[in-house]
Amino acid sequence: MPVAGERGIAVLGMKSMGSSGELISKGAFTPSQALSYAMSLPVATTVSGMDSMEVLDQNLTILRDFKTLSTDRIQGLRDQGKQFDDGRYELYKSTIKYDRDLGRSQHGYPSSAELPV
């Protein structure tokens with residue numbers, strides 16, 4: 001993102017709730033934490049998928065109350081997320097649901113059998 005910004009290239013933020021929402025549904029982050037973090041990054045816009053009116057209303061509430069997170073708060077969320085850096089909540093990247101164990105090994109993640117989920 002820093003290089004894109006230096007070159008005047010707009011960055012679109014996607015997967016703000018962890019793609020299929022595992023980060024949220026498994027309790028790793030709240031919707032407000034995830035969306036506020038994504039919107040605090042240097043992006044031109046943040047894309048957030050919605051599958052119901054309830055999620056639309058939730059996201060609109062977060063947006064209405066949004067204030068860019070401080071660098072300390074951003075770092076705090078990153079630190080909180082480090083415990084999940086094995087990919088267990090990023091199914092769109094590297095799980096048996098999508099890439100199977102070959103993809104997980106290519107990313108240096110444990111096999112699906114080794115996950116504590």
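The legends below describe an overview and close-up views of a predicted model.

**Figure 1. Overview of the protein chain.** The chain contains seven helices and two strands (DSSP runs, H or I of at least four residues for helices and E of at least two for strands, numbered from the N terminus). Starting at the N terminus, the order of elements is α-β-α-α-β-α-α-α-α. The C-alpha trace extends about 40 × 40 × 25 Å along its principal axes. Of the 117 residues, 34% are buried (under 20% relative accessible area; exposed is over 50% and partly exposed lies in between, with a 1.4 Å probe and protein chains only). Among contacts (heavy atoms within 4.5 Å) between residues at least 6 apart in sequence, 58% link residues at least 24 apart.

**Figure 2. Confidence along the chain.** The mean pLDDT (the predictor's confidence in each residue, from 0 to 100) is 86, and 91% of the residues reach at least 70.

Figure 3. Seven of the 10 residues of α3 are buried, so the helix is largely enclosed by the rest of the structure. The buried residues are Gln33, Ala34, Leu35, Ser36, Ala38, Met39 and Ser40. Their cover includes α2 (22-25), β2 (45-46), α4 and α5.

**Figure 4. Crossing of helices α3 and α4.** The axes of α3 (residues 31-40) and α4 (residues 53-64) come within 10 Å and cross at roughly 55°; axes are lines fitted to C-alpha atoms over the stretch in contact, with angles from 0 to 180 degrees between N-to-C directions. The two helices are therefore oblique to each other (under 35 degrees is roughly parallel, over 145 roughly antiparallel, 65 to 115 roughly perpendicular, and the rest oblique). Helix α3 contributes Pro31, Ser32, Leu35, Ser36 and Met39 to the contact, and α4 contributes Gln58, Asn59, Ile62 and Leu63. These residues comprise five nonpolar, four polar and no charged (Ala, Val, Leu, Ile, Met, Phe, Trp, Tyr, Cys and Pro are nonpolar, Asp, Glu, Lys and Arg charged, and the others, Gly among them, polar).

**Figure 5. Position of Lys67.** Lys67 lies in the loop between α4 and α5. Lys67 is exposed, with a relative accessible area of 65%. The C-alpha atoms of Lys67 and Met39 are 9.1 Å apart, with a sequence separation of 28 residues.

**Notes.** Residues are numbered from 1 along each chain as its sequence is written, and side-chain values use heavy atoms, without hydrogens and water. In this predicted model, local features need pLDDT of at least 70 and side-chain atom pairs count only at pLDDT 80 or more, whereas totals for chains, interfaces and linings use all residues.
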